[in-house]
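Student: I've got this one open on my screen and I'd like to talk through a pocket and a disulfide. Can you walk me through them?

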Amino acid sequence: MALAWAGSASAQDAPQSNPATAATTPPDDNAPRVDDIIVTAQKRSENLQDVPVAVSAVTGKTLENKRILDLVDLSNATPGLQIKSDDNGANPRIFIRGVGVNDFNPATASAVGIYADGVYVGSPLAQRFAFFDLQQAEVLRGPQGTLYGRNTTGGAVNVTSRKPGNEVEADFLAEYGRFDSVNLQGGVSLPLAKDLLSVRVAGLYQRDDGYSVNRLTGNRGNNADRWAVRGSVHFTPSSAITDDLAVTVGKSRGGSIWAYNRTLFPVSPDVAGPDGLCAPAYYGTANCTNVLGYANASKNLYEGDYSFEGKDKVNLFTVANTLTINLGSADIVAVTGYQHADRNDQEETDANPLPVITASYIARQNTFSQELRLQSSGKPTLRYVFGLYYAHDDLTNNSAYDVLAILPADPASGIGRFVWPLAQKTDSYAAFGQLDYDLTSRLTATLGLRYSADHKDFHYFSGETNTGTPFFTFDGSKTFDSVSGKFGLQYRFTPNVNAYASYSRGTKSGGFFSGQTGNIADIGPYRDETVNAYEAGLKTELLHRTLRANLAAFYYDYQNLQVYTTVIDGFITRQLFTNASAARMYGGELELEATPARGLTISMNAAYLNATYRNFVSAGTDYSGNTLPSAPKISVQTAVDYTQPVSFGAIVANVSASYRSKVFFDTANTPRLSDQARVYVDGRLGVQLVRNKLEIGVWGKNIFGETNISDITPIASLGFDVVSVGPPRTYGLYLRAHY
């Protein structure tokens, strides 16, 4: 999957122009204009503006300027995208247009597909490691039921690493910042044989002391300690054959997440709210305790009393290989992937001086995948992509919860050490095809179809080990198959203005619940979720291509939406994964980018979303009409980039701001499990020297110190909520060099 700026794209990859699609050249070739961006949203290289899909492309340059160092940070650069994580090294939970999954258990696939160098990254343990030395990141909004297919009812994120070429290249980034943070990144590309073989080696090292404090020891937590190395090979044995290989190795040894403990049990009736728990005015005071009588009397989200300081260890090894054989009018493309990821996370969930809940998350996942495509090359009247897909995934999980370890074990009341070892083997198959036909020089029709099947073998045991009490053993096997696809029309009014409308059907495979439960009925299986999506959009480049304005409007009708919820069972907040009867989403997005003067770029993204459940009753509770979690009605991102040449080089500046309205973190829309509207501001100021090959400067993230709540997990049965927080204000110095 090769992505590049148009200025560096190869001639064979650049889309061929015709009178209806060629870009208009401004009268002054030196006038500022928005850059062309080449994307592969439809499995072939095309100009972003020519693709009849709601897709945002964040280039490597933008990722650097906005200091987007993690997949989670991508939320601040793309409309309709929300990414959060309650872990330091794994398990991002991704939502596009309100579609996503709150479940953090490794057997539950995301509703948003992550693709790294063309390979589907199925394991949530591996999805955060690919984010360094990038050429580009694409975010495809809406169900991708034809060319991507696997569990992409929400959309897809395509991440592409930098490829070596025929020139010697080297780049390096060094940062030092608050909390003694160190960020080192760099890469070197070498052509070993011109037009035949080139290689690139890139690496990442990040560490910091952490932004939370343990009041019991004075130690810091929520710290990062990770490294990764990627080796890439670009091999062209002939003009018709290209092979790109990328191998990545990485480790994370940071601390486990330290959350804020919000105690909830009122010490007297006069501090209780209508639900019997502490009223919000008394949060963070001695008036609220947990089940053991501990009161967290501090409102500081970045400190707590942690009796256990754990580690979140993740190991990763991935291989991605793309072989392309050009047959003249068509290409054969083979994409082969392998991923190994394992995790050992020892976590104190309660932030309590006495042990209430300690979690042990241990998982291992191996995935092999193979995709084979036959697709047209160039831009004939009829363009096609036909493909076959196979993947084998092997997951083992051996996690445990220690609940109230200072008390005698009582499994019936939810006190003890609860384990749920499981194993899941999945074989996935798909056949797909898409046709794009130019009905006229201006009108193009698209038709796509995909058949998918996931066969899952699932083994699960549930029990309590202190008393040796087994709850149940489950063995199940089921094939989940579905048909998805797309029909669309695109009309080009002028070379720089085109509109599209489409109907898409997407599916997400059913499966078996892999969280902790003592009830065999919770295992499932749960059913496939399906979405019928209707979308219309307009893509424009105006004012001699100094302004790019793209709009999209959508309406989704979901059936059997897969939903993660919780219920109280004894002293345990029990997890449930069920199918909602239906859900409805509608909204719109606007993306603007302008270059009003040379060296100045202004951009803005805005999204409106209405996402609600319909006819959804679970465990006796009616959620109909509730807003979906992590689905803000309004989200806006703005950025200004400015470069001013001076005698010794250039002064560069970037400032960006992101806004999101109120969000709920649970299906019930519980007021205390929500977060108010927030605005985050980032910035950078630097000086370029030595013919702009060296840059030094300062950076800041969350400059105004906005409270950064990423999630709130209720454990009300034990008298507290777990509030996960991201970094507060951070800042530092940087040095960037490239050759």
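Student: What volume does the second largest pocket have?
Tutor: Keep in mind that this is a predicted model. In this model, the volume of the second largest pocket comes out at about 950 Å³.

Student: Which residues lie nearest the centre of that second largest pocket?
Tutor: The lining has 42 residues in total. Strands that give two or more residues to this lining include β33 (562-569), β34 (572-579) and β45 (709-715). The residues nearest the centre are T566, T573, T713, P714 and I715.

Student: By class, how many residues in the lining of the second largest pocket are nonpolar?
Tutor: Let's sort the lining by class. There are 10 polar and 9 charged residues in it. The nonpolar count is 23.

Student: Switching to the cysteines, which residues does the disulfide join?
Tutor: The structure holds 1 disulfide. One partner sits in the loop between β18 (265-266) and β19 (288-289), the other in strand β19, 10 residues apart. The S to S distance is 2.2 Å, and the pair is C278 and C288.

Student: Is the disulfide of C278 and C288 left-handed or right-handed?
Tutor: Look at the torsion about the S-S bond of C278 and C288. That torsion is about -120 degrees, so the disulfide is left-handed.

How values were computed. Residues are numbered from 1 along each chain as its sequence is written. This is a predicted model: local features need pLDDT of at least 70, side-chain atom pairs count only at pLDDT 80 or more; totals for chains, interfaces and linings use all residues. Side-chain values use heavy atoms; hydrogens and water are left out. On a 1 Å grid over the protein atoms alone, a cavity is a set of points where a 1.4 Å probe fits but cannot get out, and a pocket is an open set with protein on both sides within 12 Å along at least five of seven lines; lining residues have an atom within 4 Å of a point. Grid points are joined across faces, edges and corners, and a volume is the space filled by probe spheres set on the points. Helices (H or I, at least four residues) and strands (E, at least two) are DSSP runs, numbered from the N terminus. Ala, Val, Leu, Ile, Met, Phe, Trp, Tyr, Cys and Pro count as nonpolar, Asp, Glu, Lys and Arg as charged, and the others, Gly among them, as polar. A disulfide is a pair of cysteine sulfur atoms within 2.5 Å.
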